[in-house]
Amino acid sequence: MKIIEVNEEFKEDWNRVLNHIANLFFEDSKIVVSAPDAELSFRFQHLIDETNTINTSCEMLADGQSYSSNYSIQYDSVGTEKEQAIRMKRALSHVMLDVLEQYTGMTQTWGILTGVRPTKLYHKYRKQGFSDEQIYEVLKQDFRISDSKIALMREIVERQLVTIPDLDELGKEISVYIGVPFCPTKCAYCTFPAYAIQSNRKSGRVESFIDGLHIEIRAMGKWLKDNNINITSVYWGGGTPTSIEAEEMDALYKTMFESFPNPENIREITVEAGRPDTITPEKIAVLKKWGIDRISVNPQSYTDETLKAIGRHHTVQETIDKFWLSRNSGMNNINMDLIIGLPNEGIEEFQHSLDESAKMQPESLTVHTLSFKRASEMTHNKDKYKVADRETVTKMMDMASSWTRENGYVPYYLYRQKNILGNLENVGYCKPGEESIYNIVIMEEVQTILGIGCGASTKFVNPETGKITQFHNPKDPAAYIMTFEEAIEKKIKMLNDLYN
């Protein structure tokens with residue numbers, strides 16, 4: 001852990017912002033007011049003059065050397081108290097980022113951005129009437145984002161508006177996420193609700209969960225019908241929703257189509273069949289029966305040793321076989337995921353994964369950068385997992401960008417995570433015309449996402465103000481079984497408050 005000392009007068013919420021910046025450079029850091037053993041010592045000065053100009057400076061002492069930075073920006077007005085706080089934090093981030101780049105020799109291509117959704121920022125300025133050139137200047141000057149990342153953001157926003165021309169009007173509709181919390185095994189990097197299906201089958205929790213899920217789907221569908229609200233997209237996630245039996249899937253889809261309003265107008269239904277070891281001809285037949293042809297068949301890696309290391313109990317050959325089973329059975333929109341930086345993988349292994357992907361040409365390929373999520377097994381046992389360094393993962397992301405371009409894919413959504421290797425990003429690529437509507441709307445937060453099922457989060461987006469509130473269903477199947485009726489009542493009340 002890197003101990004960092006700052007001025008005594010700093011507020012705690014400012015320290016949190018500085019901690020986020022420090023963690024872009026160091027695996028872990030702690031901001032303290034007074035620490036004789038601090039490895040880095042910062043002194044900030046922050047002044048606002050009568051012309052509404054913010055002048056911020058920073059001096060850092062480290063290893064007997066001094067590093068300094070100054071930042072100045074003028075605003076048109078004094079601004080509200082909230083706006084003043086945002087300006088303050090942004091200015092402090094500027095100077096701290098600058099001195100740490102000087103000290104470490106690193107360049108942060110995402111600048112001072114530490115949030116999950118960079119393209120949401122681009123959309124914000126677009127909707128305010130800014131031209132692309134004006135947005136570029138803001139992102140460059142105010143956020144220190146590199147030219148390459150700004151170009152990526154612009155390309156993605158343009159693609160999203162082609163895919164969903166009425167993107168700015170989607171707040172009148174909602175999308176639905178349905179969580180099925182079972183998997184054959186839990187991957188080492190995973191923090192999603194994913195419980196071993198066999199042990200839960202023996203205890204009766206699978207059947208009890210499915211019974212509750214039917215009730216919740218019907219209840220939420222009734223509210224949507226009663227309030228004349230249409231559904232844009234539906235995403236079945238988890239866990240792995242194809243872990244349950246084919247007849248259980250069939251019954252749930254029947255309930256969905258009977259319960260949801262105007263199902264013929266739903267633009268997209270996706271089923272996350274991410275674990276190849278859950279895909280069978282019978283389950284594909286159920287998907288075809290209900291007209292669902294967008295699925296995920298996720299390799300993550302095409303190296304068997306890696307799959308074993310991260311707890312995926314299937315082989316590379318099974319991934320390949322299940323892809324072709326799905327394709328030859330009429331699945332015409334298949335997504336595959338690859339993860340950059342998995343344990344013991346470098347340039348050679350990732351190139352092999354890209355070469356194998358080229359043989360299949362899925363409609364979309366999502367390239368994730370490994371993130372050490374707080375609750376994952378991989379994070380709890382970091383010493384057990386040797387992962388690639390910053391330079392290597394950056395090269396691998398560049399390889400993915402080049403490969404997708406050469407194979408006719410375009411980027412259409414991206415998001416970032418805390419503790420992500422190399423301070424990089426996750427990018428969804430697709431063949432033009434095969435974009436996932438759900439992935440776009442959830443990342444850009446343009447409409448309410450109604451969460452149904454175990455571990456499902458509902459994100460209520462006010463269609464007028466954009467204000468976001470959340471409600472979380474229990475992650476554990478046993479807790480869900482006990483409380484799903486209470487969750488239904490709470491969500492209906494929140495929906496009534498929002499839409500009525």
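**Aromatic pairs.** I searched the whole structure for aromatic pairs and found 16. Rings of Phe, Tyr and Trp (its six-membered ring) count as a pair if their centres lie within 6.5 Å; planes under 30 degrees apart are stacked, over 60 edge-to-face, and the rest tilted. The model is predicted, so I kept to its limits: local features need pLDDT of at least 70, side-chain atom pairs count only at pLDDT 80 or more, and totals for chains, interfaces and linings use all residues. Residues are numbered from 1 along each chain as its sequence is written, and side-chain values use heavy atoms, with hydrogens and water left out.

**Y235 and Y438.** I looked up this pair next. The ring centres of Y235 and Y438 are 4.8 Å apart and the planes are at 25 degrees, so the pair is stacked. Y235 is in strand β9 (residues 231-238) and Y438 in helix α15 (residues 437-444), so the pair ties together parts 203 residues apart in sequence. Helices (H or I, at least four residues) and strands (E, at least two) are DSSP runs, numbered from the N terminus. Y235 and Y438 are both buried, where buried means under 20% relative accessible area, exposed over 50%, and partly exposed in between (1.4 Å probe, protein chains only).

**W236 and Y253.** For W236 and Y253 I read 5.2 Å between ring centres and 80 degrees between planes, so this pair is edge-to-face. W236 lies in strand β9 and Y253 in helix α8 (residues 246-259), 17 residues apart. Both W236 and Y253 are buried.

**A cluster.** I noted that F182, F209, Y480 and F484 form one aromatic cluster.

**Strand β16.** Six of the six residues of strand β16 (residues 448-453) are buried, so the strand is largely enclosed by the rest of the structure. I found that β16 pairs with strand β6 (residues 174-180) in the parallel sense over six bridges; two strands pair if DSSP finds at least two bridges between them. I174 has T448 in β16 as its bridge partner.

**Nonpolar cores.** A nonpolar core is a set of buried Ala, Val, Leu, Ile, Met, Phe, Trp, Tyr and Cys residues joined through side-chain atoms within 4.5 Å. The largest core has 124 residues, and F42, I178, L213, V234, W236 and F260 touch the most other members. Apart from this core I found another, of 18 residues, among them L167, M443, V446 and A456.

**F260.** I listed its contacts (heavy atoms within 4.5 Å). Leaving aside neighbours within four places in sequence, F260 contacts residues including V176, I178, V234 and I452.
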